[in-house]
Amino acid sequence: AEMNLIIHTDSGGEITVEIEPESIRMMVTDGGPGIPDIQQALSPGFSTAPNWIQELGFGAGMGLTNIEKCADHFTIESHPGKGTRLTIILRL
């Protein structure tokens, strides 16, 4: 999630983590370009990263897919031109 934030935003973002005895909740919000097609972005191997990022070894299109697989609860909200917000909950 942090790499998506770094790769896709020039205006910054925020990662907030709440740790409770029974769960960890992470909220990742960025001011990036947004995701026009969330379902496509959740497809393994689909990448919106620019070529120069992929040449550095990042942007393989597995980030969101792996986050969704590992989380007990995952939501993504995105609006083109307005950024993206992930909510990730891990139950302990």
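Me: Where does T29 sit in this model?
Reply: In this predicted model, T29 is placed in strand β2, and T29 has a relative accessible area of 28%, so the residue counts as partly exposed.

Me: What is the spacing between T29 and E2, in sequence and in space?
Reply: Along the sequence E2 and T29 are 27 residues apart, while in space the separation is 9.8 Å from C-alpha to C-alpha.

Me: And which element holds E2, and what is its accessibility?
Reply: E2 belongs to helix α1, and with a relative accessibility of 45% E2 falls in the partly exposed class.

Me: Which residue is 17 away from G63 in sequence, and what is the distance in space?
Reply: That is F46, whose C-alpha atom is 9.8 Å from the C-alpha atom of G63. F46 lies in the loop between α2 and α3, the latter covering residues 51-55, and F46 is partly exposed, having a relative accessible area of 29%.

Me: Switching to pockets, what is the volume of the largest one?
Reply: The largest pocket has a volume of about 630 Å³, and its lining is made up of 33 residues, with N4, H8, T48, A49 and L64 lying nearest the centre.

Me: Which elements supply at least two residues of that lining?
Reply: Those are α1 (2-8), β2 (23-30), α2 (38-41), α4 (63-70) and β4 (83-91), each of which gives the lining of the largest pocket at least two residues. The largest share, six residues, comes from α1.

Me: Now the surface: which residues form the nonpolar patch?
Reply: The patch consists of I15, V17 and I19, which together have about 290 Å² of accessible area on the surface.

Me: Where is I15, and why does it count as partly exposed?
Reply: I15 is in strand β1, which spans residues 13-19. I15 counts as partly exposed because its relative accessible area is 45%, a value that lies between the 20% limit for buried and the 50% limit for exposed.

Conventions:
Residues numbered from 1 in each chain as written. Predicted model: local features only at pLDDT ≥ 70, side-chain atom pairs only at ≥ 80, totals over all residues. Heavy atoms only, no water. Patch = residues over 30% accessible without salt bridge, like charges linked within 9 Å, V, L, I, M, F, W, Y side chains within 5 Å. Areas by Shrake-Rupley, 256 points an atom, 1.4 Å probe, with all protein chains shown as cover. Salt bridge = Lys/Arg side-chain N within 4 Å of Asp/Glu carboxyl O. Helix = DSSP H or I, 4+ residues; strand = E, 2+ residues; numbered from the N terminus. Buried < 20%, exposed > 50% of the residue type's maximum accessible area, 1.4 Å probe, protein only. 1 Å grid on protein atoms, 1.4 Å probe; cavity = no way out; pocket = protein on both sides within 12 Å on 5 of 7 lines; lining within 4 Å. Points joined across faces, edges and corners; volume = space filled by probe spheres on them.
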